Amino acid sequence: MVFIAFEGGDGAGKSTQVAALARWLRARGREVVVTREPGGTELGVRIRELLLHGGEVAPRAEALLFAADRAQHVAAVVRPASERGAVVLTDRYVDSSIAYQGAGRDLRAAEVAQLSAWATGGLVPDLTVLLDVTPETGRARRHDRAEDRMETEAAEFHARVRAGFLGLAQAEPSRYLVLDAAEPPEALAEAVATRVARLLDDATNGEGGDRG
Ligand code: TMP
């Protein structure tokens, strides 16, 4: 199986990069499943609505709802697709909870990580692409559309989220590709494709267990 997660702050350009990588993989004959969190399943779409477009949600309830969305997503989409050999690309995964609920809110990152590990049965991506974006750039890129409940948080919140993501990548550099989201989309797509080509080669040569 090949499972790749895209992470980063709001306005990082994840969806564009997910779509570009999906095109690149399909052109090489791979089956690709593109999905996202929250909202990659029917149940998840409803959870997403509650989380992003409803009223206030207490931090612990927020963490549990994102984890519930993730548990359903892994069980209903990610594992079945991986098992039949598809490459799965997800727009956000566990790191988003550690960064937003762990670093952004006043919750312990280790506890949030544990909650997600339980929700996913310990499923870790083969590669996580982190599109690192400053709160200023992220906000500027979202100016033309209505903001959801997370996006309206203060710049300090988004700065903590950014630091949370970078901390995760620094702790496990071989499993991450960290890119500057301010680079042109074409350059980012090329960097992602180069890294993924290496990952696929490793998987083909039976080195899937070596995350280097
Ligand atoms: P999206 O707009 O990129 O789909 O993400 C939805 C929002 O939810 C975004 O502000 C990040 C946030 N989020 C969390 O706070 N925790 C999570 O675990 C996930 C997956 C998303």
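How are α3 and α5 oriented relative to each other? They pack at an angle of about 30°, and angles under 35 degrees count as roughly parallel, so α3 and α5 are roughly parallel to each other. Keep in mind that this is a predicted model. Here's a quick tour, starting with that helix pair.

**α3 against α5**
- The axes of α3 and α5 sit 8 Å apart, and their crossing is right-handed.
- On the α3 side, the residues in the contact are A63, L64, A67, R70, A71, V74 and R79; they meet L115, S116, A119 and T120 in α5.
- Sorted by type, the residues of this contact come out as seven nonpolar, two polar and two charged.

**The largest nonpolar core**
- This core holds 23 residues, and the ones touching the most other members are I4, L21, L25, L89, V129, V192 and V196.
- At least two core residues come from each of β1, α1 (14-27), β3 (87-91), β4, β5 and α8 (185-204).
- The top contributor is α8, which gives five residues.
- Take V192 as an example: leaving aside residues up to four places away in sequence, V192 touches F6, Q17, L21, V129, L177 and L179.

Technical notes:
Residues numbered from 1 in each chain as written. Predicted model: local features only at pLDDT ≥ 70, side-chain atom pairs only at ≥ 80, totals over all residues. Heavy atoms only, no water. Core = buried A, V, L, I, M, F, W, Y, C linked by side-chain atoms within 4.5 Å. Buried < 20%, exposed > 50% of the residue type's maximum accessible area, 1.4 Å probe, protein only. Helix = DSSP H or I, 4+ residues; strand = E, 2+ residues; numbered from the N terminus. Contact = heavy atoms within 4.5 Å. Axes fitted to C-alpha atoms, helices over the stretch in contact; angles between N-to-C directions. Parallel < 35°, antiparallel > 145°, perpendicular 65-115°, else oblique. Left-handed = near helix turned anticlockwise from the far one by under 90°. Nonpolar A, V, L, I, M, F, W, Y, C, P; charged D, E, K, R; others polar.
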